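Trainee: I'd like a close look at one part of this protein, please. Could you walk me through it slowly and then link it to the rest?

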Amino acid sequence: MIQHAKNILKIFAGDLKHIFLNPVAMLIALGLTLLPALYAWFNIAASWDPYANTKGLKVAVVNLDEGASIDSIFDSDIDDSAINIGEMILDELRKNDKIGWQFVDKDEAMDGVESGKFYAAVIVPEDFSQKISSVLTSHIERPVLQYYVNEKKNAVATKITGKGVESVQQQINETFISSASKVMGKLVNGYSDDWSSRKDTDRGDAVSSLNEIKDSLNQLTDTIGMLKATLHTVNSLNDGVKGTLPDVNKMIASGEDTAQSARTLVDSTRGMSDIVTGGVDDTLDQMTQIEETVYETFHVLGDVSDTSADAAINTLKAMESLTSGMISQLNSFSTLLGDINSKLPVKLTDVARIQQETGAAVKQQQELLTKLQSAEKTVKETRKLPGDIKDDIGDSLSLAYNSISDIHNYYTGKIEVPLKDSLDKTYDALGTTAGALDSIGNLAGQIDTTLTSVNTSSQSLIEALDSALNLIHKSQERVDDMITDVNKVADNKQLNKIMDIMKNDPEQFSDFMMKPADMQTNKVYPVENYGSAMAPFYTILAIWVGGLILVALLKTKVEPSRSQGLRLYETYFGRYLTFMLFGIMQALVVSLGDLYMLKIQCLEPGKFVLAAVIASIIFTNITYSMTISFGDVGKAIVVVFMVIQVAGSGGTFPIQVTPRFFQMVNPLLPFTHLINAMRECVGGIYENAYWIDIRNVLVYIPLSLLVGIVLRKKVLELNEFFEEKLSQTGIM
């Protein structure tokens, strides 16, 4: 065993002697030691803090924005409500030196992006502020910020400029939120200032108006009751008259007694004309009062807000009920007049006209009912009643009231007197013909038919009035509910609290809305700069490159004159000690240069250097074993292995963002564990993570020894065959 060790050390000592005694070899050895370090140092220095120099990246900015006014949206008179997002963007970008912002016109910007003068261009369109302000309206339009980027110029630069444009977008969001919140803050602040003093007054006015409506409804209830009593009286008189008609028929055979009885009957019912015409007039008068009540109820609504929406819904429902009752009464009125007119000896032509006007009034009431129902639905969904809908309902109410008033006036002016005269003449004719017993029987039959028709119409009107009474009672209940709701709104603790909050300074409110939360960044294992963060990757890569350079310039096989009589593993270890020595020197130079020349951040410098030395021992063993066993093919395999490790070790991009193949091989690569070990030294060590990574990578030593010693015997003849064939080409 001692002899084997002596043979190995003899080869190693001979290699050192040949190097130190040859000046050219010494110069090459020095180059072999420094070259990998230069590879690492230049890459680390170049990426030391790349994001600190992004101001050299030129990005064109074009503002075509024409601005907008938030003041007009809120229909208020607030100072400084006009905004121009484009100008605000330019003001903020002039303060931002992280990107080389170039403020140019659109043509120059587009030409610069296409030619490569600018990496990208940001264009703010003409309607940008107008569209972004539309979020405060019922018709929202999303603005579009145009971003043009020249991706062929540089892959990383486009990512950096993209981050810069994201900051522009963030500035847009903050600017708009700030401006809109400031205007809204002033509006609600001005309203809340008067809330405490106005709420009791407003409540008193609203309750007073609702009580007036309630009184009007009570009066209307009393009047409808009187009208019903009158109609019941009419029906009783009709029944009395009809009850006497059979006696008249019997009196036809008794001559003068019968005639006298007929005259007595006519005289006793002569007041019917006054009762009928007066009852119709009272009906129209009550309908006019109902229409006035609907009109007044609507104008109590005022401006509908979220807090008064429920009360407004109740008010609209009450109006709908009254309007439905009005439609029923108008139809009953038209039917009653038609029935009376059809029984008159000479029909009144004006009755047909008033029936037409009544039909038109019914249509107006139906349209009004539809608008009220639509308004109720709008208030339920939006908690508001738009001004155009309110104005439209007000116009419809005015038309409806005027139509009822016109019908009433037309009846009293054109129909009431002729109708009364016609009824009176009917009774006169009955008196004149009382002696004509043959014809009075027929007349009695006509009277019976007429009185029956009047009875039926009166009953229809009574039923319509009963329906109206039910609707009025419901309206009275809703008015009571509205009074309760008004009192609740004024005394609501949550609403009063909101009003107190709204008294805050609008500027403070705006600042809070722009950035409602601050973020405090707490760095775990902080790293000072990007160069320090990338040092583990470039250092490990440089050590591997150093191993490749060694197998490219140094011979892996011991000369036959020195290896004669030695075992295969003796020559393996004898020459490997030379490779390992150069590798350790490379690792020491690159790691110490990282620490003391570049001054990377490193909390564990000793462990950092140790990881570099271990990496060198493993890497040189792998490259040496592959080359001595497979020759030039082994060198190619080592290069391919390096390429896979660069992509699959997670040294640059997180391994999670790489393709599936690289994620699978990541735990199997020596780069992975050695880079992680060095990262522990740079940022701070977590428990035993450093030693676990070192343990994981040591498994490659027996694997490489297996390839360099055991498998070498198996592939030696095959390797010599390949080398012979390659040498025959004359170029390999």
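Trainee: Where is Lys599 found, and between which helices?

Mentor: Keep in mind as we go that this is a predicted model. Lys599 is found in the loop that runs between helix H18 (568–596) and H19. Look at its backbone: phi of Lys599 is near 55°, which is a positive value in a residue other than glycine.

Now step along to the charged pair at Glu604 and Lys607. In general, side chains of opposite charge can pair when their charged atoms come close. Here, the side chains of Glu604 and Lys607 meet in a salt bridge, at 3.8 Å from N to O. Glu604 is partly exposed, with a relative accessible area of 30%, and Lys607 also counts as partly exposed, at 26%.

Let's follow helix H19 itself, which covers residues 605–630. The rings are the thing to watch here. A pair of aromatic rings is described by the distance of the centres and the angle of the planes. The structure holds 12 aromatic pairs.

Having reached H22, go on to the loop between H22 and helix H23 (689–697), where you'll find Glu687. Phi of Glu687 is near 45°, again a positive value in a residue other than glycine. Glu687 counts as exposed, at 60% relative accessibility.

Back to charges for a moment, because side chains of opposite charge can pair elsewhere as well. A search of the whole structure finds seven salt bridges. One of them is between Glu376 and Lys317, with the closest N and O atoms 4.0 Å apart. That pair links distant parts of the chain: Glu376 sits in helix H11 (residues 349–382) and Lys317 in helix H10 (residues 309–343), 59 residues apart. Glu376 is buried at 8% relative accessible area, whereas Lys317 is partly exposed at 26%. Together with Lys380, these two residues are linked in a network of salt bridges.

One last stop, at another charged stretch. Lys117 and Glu108 meet through their side chains in a salt bridge of 3.8 Å, N to O; Glu108 counts as partly exposed, at 35% relative accessibility. A negative surface patch is formed by Asp105, Asp107, Asp111 and Glu114. Asp105 lies in the loop between strand E4 (100–103) and helix H5 (106–115), and at 44% relative accessibility Asp105 is partly exposed.

Methods. Residues are numbered from 1 along each chain as its sequence is written. This is a predicted model: local features need pLDDT of at least 70, side-chain atom pairs count only at pLDDT 80 or more; totals for chains, interfaces and linings use all residues. Side-chain values use heavy atoms; hydrogens and water are left out. Patches are made of residues with over 30% relative accessible area and no salt bridge: like charges are joined within 9 Å, nonpolar side chains (Val, Leu, Ile, Met, Phe, Trp, Tyr) within 5 Å. Accessible areas come from the Shrake-Rupley method with a 1.4 Å probe; for residues, only the protein chains shown count as cover. Lys and Arg count as positive and Asp and Glu as negative; His and the chain ends are not counted. The place of a charge is taken as NZ of Lys, CZ of Arg, CG of Asp or CD of Glu. Helices (H or I, at least four residues) and strands (E, at least two) are DSSP runs, numbered from the N terminus. Buried means under 20% relative accessible area, exposed over 50%, partly exposed in between (1.4 Å probe, protein chains only). Rings of Phe, Tyr and Trp (its six-membered ring) pair if their centres lie within 6.5 Å; planes under 30 degrees apart count as stacked, over 60 as edge-to-face and the rest as tilted.
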